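Have the sequence and the model open side by side.

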Amino acid sequence: MRIIALLAIAIVSQATGNVLLSQGMKHIAGASQPDAGFSALVQAVQSPSILLGAGFLIIFFVLFAIALSRADLSFVVPAISAEVVLNVAFADYFLNETVSSTRWIGAVLISIGVILVLWSPPRTFGLPGDRTYAVDEGGR
């Protein structure tokens, strides 16, 4: 159950970071001149929204690495795919983006896949160091 909670926090962190980055970059794109590449870079580095978004994505990456150390890749990566659904919902709600019904159907299909993955146990194989070996009376 801990791995599910860890993944849930990671997913929310990633979606929040993506929304903040998108918000910050759209603000900079609207304020800068087309040929002002370096100026836009300086604005991006100084933008609280972008810095906060990057911070949330760092949190996501750390939690993702921890999850990979505790569960199978074949469990963690599909479970993390729930962030796609959350990103669509956040884009609609926080960024006021128009999300088509086709995208919502895609998000529902991804949700079904995530649910199927979560029904499986987080660790299907032990780590190499987790093996127990039978020892006979001679110590072999």
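This is a predicted model: local features need pLDDT of at least 70, side-chain atom pairs count only at pLDDT 80 or more; totals for chains, interfaces and linings use all residues.

**From one residue to the whole chain**

Val 117 is a residue of helix 6. With a relative accessibility of 18%, Val 117 counts as buried, because the cut-off for burial is under 20% relative accessible area. What does Val 117 touch, not counting residues up to four places away in sequence? Its partners are Ser 74, Phe 75, Pro 78 and Ala 79. For Pro 78, the C-alpha atom is separated from that of Val 117 by 6.7 Å, although the two residues are 39 apart along the chain.

Helix 6 covers residues 101-118. Its 18 residues should span 26 Å at 1.5 Å a residue, and the end C-alpha atoms are 25 Å apart, which agrees. The buried residues of helix 6 are Ala 107, Val 114 and Val 117. Around the axis they cover an arc of only 75 degrees, so they lie on the same side of helix 6. That buried set packs against helix 4 (73-80) and helix 5. On the face turned away from the buried side, helix 6 carries the exposed residues Ser 101, Thr 102, Ile 105, Leu 109 and Leu 116.

Helix 5, one of the two packing partners of the buried residues of helix 6, runs over residues 82-93. It has twelve residues and reaches 17 Å from its first C-alpha to its last, close to the 16 Å expected at 1.5 Å a residue. Its buried residues are Ala 82, Glu 83, Val 85, Asn 87, Val 88, Phe 90 and Ala 91. Asn 87, placed in helix 5, counts as buried at 18% relative accessibility. Which residues does Asn 87 contact, leaving aside its neighbours within four places in sequence? They are Ala 15 and Asn 18. With Asn 18 there is also a polar contact of 3.4 Å between the two side chains.

Between helix 5 and helix 6 is a loop, and Asn 96 is found in it. Asn 96 is not a glycine, yet it has a positive phi of about 55 degrees. Its relative accessibility is 65%, so Asn 96 counts as exposed.

Glu 97 lies in that loop as well. Side chains of opposite charge can pair when their charged atoms come close. The side chain of Glu 97 meets that of Lys 26 in a salt bridge, with 2.9 Å from N to O. Lys 26 belongs to helix 1 (residues 2-31), so the pair ties together parts that are 71 residues apart in sequence. A search of the whole structure finds one salt bridge.

Helix 3 can be read in the same way. Buried in helix 3 are Ser 49, Ile 50, Gly 53, Phe 60, Leu 63, Phe 64 and Ala 67.

These pieces can now be set in the whole protein. It has six helices and zero strands, and its elements run α-α-α-α-α-α from the N terminus on. Of its 140 residues, 29% count as buried. Among contacts between residues at least 6 apart in sequence, 78% join residues at least 24 apart.

The mean pLDDT of the protein is 84, and 81% of its residues reach 70 or more. Where is confidence lowest, and where is it highest? The lowest is in helix 2 (residues 37-46), at a mean of 78, and the highest is in helix 3, at 95. Over residues 131-135 pLDDT stays under 50, and for this stretch the model has two contacts beyond four places in sequence.

Technical notes. Residues are numbered from 1 along each chain as its sequence is written. Side-chain values use heavy atoms; hydrogens and water are left out. A salt bridge is a side-chain nitrogen of Lys or Arg within 4 Å of a carboxyl oxygen of Asp or Glu. Helices (H or I, at least four residues) and strands (E, at least two) are DSSP runs, numbered from the N terminus. Buried means under 20% relative accessible area, exposed over 50%, partly exposed in between (1.4 Å probe, protein chains only). pLDDT is the predictor's confidence in each residue, from 0 to 100. Contact means heavy atoms within 4.5 Å. The expected span of a helix is 1.5 Å times one less than its number of residues. The arc is that of the directions from the helix axis to the C-beta atoms. A polar contact is a pair of N or O atoms within 3.5 Å; within protein, one must be able to donate a hydrogen and the other to accept it, and residues adjacent in sequence count only if both atoms are side-chain atoms.
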